[in-house]
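Okay, everyone, thanks for coming.

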Amino acid sequence: MPIKLYAIAYISTATERLSTPEAIDALLVDARAFNRKNDVTGVLLHNDGSFFQYLEGSKDAVDLVYERIRRSSSHRNICELVNEPILLRHFSSWSMGFAESTASELQAIAHAHWNHERRNLQGASHVSPGLKLLLLFWQNSKRCVA
């Protein structure tokens, strides 16, 4: 029986603890190790103290990672955009991909409509406008770091 997959996407604002590139690098090293250990994949976008993150994996693993994020003092104003089942992983190669985005890119992704994937009558997968924007950004971004 295949593992049911879930995704959570949220936006947040960094606290002073994440005000330098070195602090963000330390966060990424720690988060990537934790995500790998729990088989969670996804991406983190950053612009001038604002974050967008998309996580995917088993429900228990995603919930564990998200609860750790919510307890962190590194950011505040967490606003959940989606927390629902998904059909497949979109970032399976990334324990936590990272990219600096422009303010308008981050805002467009964060303010797009986020909802769970559906299958249409022909069986092709349909993804939300928010996920489409994120995938397009990721595909076209030369700023991605493994």
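Take His46: its relative accessible area is 8%, so His46 is buried.

Before I go on, this is a predicted model, where local features need pLDDT of at least 70 and side-chain atom pairs count only at pLDDT 80 or more, while totals for chains, interfaces and linings use all residues. Residues are numbered from 1 along each chain as its sequence is written, and side-chain values use heavy atoms, with hydrogens and water left out.

Now the overview. The chain has 4 helices and 7 strands; these are DSSP runs numbered from the N terminus, H or I of at least four residues for helices and E of at least two for strands. Going along the sequence, you read β-α-β-β-α-β-β-α-β-β-α. The chain has 146 residues, and 45% of them count as buried. A contact, by the way, means heavy atoms within 4.5 Å. If you take contacts between residues at least 6 apart in sequence, 78% of them join residues at least 24 apart.

Back to His46, which sits in strand S2. What does its side chain do? It makes a polar contact of 2.9 Å with the side chain of Glu100. For a polar contact we want a pair of N or O atoms within 3.5 Å; within protein, one must be able to donate a hydrogen and the other to accept it, and residues adjacent in sequence count only if both atoms are side-chain atoms. Skipping neighbours within four places in sequence, His46 also has Ile24 and Phe51 among its contacts.

Ile24 takes us to helix H1. This helix covers residues 21–37, which is 17 residues, and at 1.5 Å a residue it should span 24 Å; the end C-alpha atoms are 24 Å apart, so that agrees. The expected span is 1.5 Å times one less than the number of residues. Which residues of H1 are buried? They are Ala23, Ile24, Leu28, Ala31, Arg32, Phe34 and Asn35. Looking down the axis of H1, these buried residues fall within an arc of 170°, so they line one face; the arc is that of the directions from the helix axis to the C-beta atoms. On the face of H1 turned away from its buried side you'll find exposed Glu22, Val29, Arg36 and Lys37. The buried residues pack against strands S2, S3 and S5, plus helix H2. Just after H1 comes Asp39, with a positive phi of about 55°.

Is Glu56 buried or exposed? It's buried, with a relative accessible area of 0%. Its side chain reaches the backbone nitrogen of His90 at 3.0 Å, and a polar atom of that Glu56 side chain lies 2.6 Å from the backbone nitrogen of Phe91.

Rings of Phe, Tyr and Trp (its six-membered ring) pair if their centres lie within 6.5 Å; planes under 30 degrees apart are stacked, over 60 edge-to-face, and the rest tilted. That rule gives 6 aromatic pairs. One of them is Tyr10 with Tyr66, a tilted pair at 5.7 Å centre to centre and 45° between the planes. Tyr10 is in strand S1 and Tyr66 in helix H2, 56 residues apart. Both are buried: Tyr10 has a relative accessible area of 2% and Tyr66 has 6%. Then there's Phe91 with Trp138: centres 6.0 Å apart, planes at 85°, so that pair is edge-to-face. Phe91 is in the loop between S4 and S5, while Trp138 is in helix H4, 47 residues along. Phe52, Tyr54, Phe91, Trp94, Trp114 and Trp138 form one aromatic cluster.

Last stop: the largest nonpolar core, with 20 residues, where Tyr54 and Trp138 are among those with the most contacts. A nonpolar core is a set of buried Ala, Val, Leu, Ile, Met, Phe, Trp, Tyr and Cys residues joined through side-chain atoms within 4.5 Å. Helix H4 gives the most to this core, with 4 residues.

Technical notes: Buried < 20%, exposed > 50% of the residue type's maximum accessible area, 1.4 Å probe, protein only.
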